[in-house]
Amino acid sequence: MADLFMFCILAVVILGSAVVCVTTTRIMRAATFMLFVLFGVAGLYFLLDYTYLAAAQISVYAGGVTMIYVFAIQLVNKRTLQGLTERLKGSRVIAGGLLSLLGCAVVLFVLLKNQYLYVAKAMPDVEVPMKSIGQALVGAGRYEYVLPFEFISLFLLACIIGGLFVSRKEEK
């Protein structure tokens, strides 16, 4: 019962913070609420007794949000940080809503076409040991994820270098 109560609290925090993160016009508030979402997901990992994944979630993604703070301060002017210049337009909100609905329809179509929902119900209720999760994350075999992690790290390094290049002030 306590697990269900904690799950409900974490779900409300995650969903509420995610909605505020994507609807706010201030970049620092968006980054702060994204941090709340990431901590909420880490709380779900702790609730499932996946302490390694929870610690990785906190250390990797909290560090990433710290980098977002740094780049937000460097790349955005003072008036935008204070929320004085950026306003939402009705046409952009409607277009974004329609694109979101289209994306949800595509995901639902793929789930129904490939019968993922029925396969998930038919799977046995077995707890996966942490050793096999760790092996899947750092293994180099089939269905293991060390190569995608390496590509993601190179991509993030390229993003950091690109952000530093953009933020560099040219002297005339």
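# Report on a predicted helical protein model

The lining of the largest pocket consists of 19 nonpolar, 4 polar and no charged residues. In this grouping Ala, Val, Leu, Ile, Met, Phe, Trp, Tyr, Cys and Pro count as nonpolar, Asp, Glu, Lys and Arg as charged, and the others, Gly among them, as polar. The model is predicted, so that local features need pLDDT of at least 70 and side-chain atom pairs count only at pLDDT 80 or more, while totals for chains, interfaces and linings use all residues. Residues are numbered from 1 along each chain as its sequence is written, and side-chain values use heavy atoms, with hydrogens and water left out.

## The largest pocket

The volume of the largest pocket is about 740 Å³. Two or more lining residues come from each of the elements α2 (27-47), α3 (51-75), α7 (130-138) and α8 (146-167). Helix α3 gives the largest share of this lining, 12 residues. In total 23 residues line the pocket, and Val-60, Tyr-61, Gly-64, Ile-152 and Leu-156 lie nearest its centre.

A pocket is defined on a 1 Å grid over the protein atoms alone, as an open set of points where a 1.4 Å probe fits, with protein on both sides within 12 Å along at least five of seven lines; lining residues have an atom within 4 Å of a point. Grid points are joined across faces, edges and corners, and the volume is the space filled by probe spheres set on the points.

## The chain and its confidence

The protein chain contains 8 helices and 0 strands. Helices (H or I, at least four residues) and strands (E, at least two) are DSSP runs, numbered from the N terminus.

The mean pLDDT of the chain (the predictor's confidence in each residue, from 0 to 100) is 81, and 85% of the residues score at least 70. Confidence is highest in helix α1 (residues 2-23), with a mean of 91, and lowest in helix α4 (residues 78-81), with a mean of 59. Where pLDDT is low, the predicted coordinates should not be read in detail.

Of the 172 residues, 15% count as buried. Buried means under 20% relative accessible area, exposed over 50%, and partly exposed in between (1.4 Å probe, protein chains only). Among contacts with a separation of 6 or more, 54% join residues 24 or more positions apart; a contact means heavy atoms within 4.5 Å.

The table lists the accessibility of selected residues.

| Residue | Relative accessible area | Class |
|---|---|---|
| Ser-17 | 7% | buried |
| Val-13 | 36% | partly exposed |
| Met-28 | 24% | partly exposed |
| Phe-33 | 25% | partly exposed |
| Phe-36 | 38% | partly exposed |

Ser-17 belongs to helix α1. Leaving aside residues up to four places away in sequence, Ser-17 touches Phe-33, Phe-36 and Val-37.

The structure holds 1 aromatic pair. Phe-33 and Phe-36 form this pair, which is edge-to-face, with 5.6 Å centre to centre and 80° between the planes. Rings of Phe, Tyr and Trp (its six-membered ring) pair if their centres lie within 6.5 Å; planes under 30 degrees apart count as stacked, over 60 as edge-to-face and the rest as tilted. Because Phe-33 and Phe-36 are 3 residues apart in helix α2, about one helical turn separates them.

Met-28 lies in helix α2. Met-28 and Ala-72 are 44 residues apart in sequence, yet 7.2 Å apart in space, C-alpha to C-alpha.
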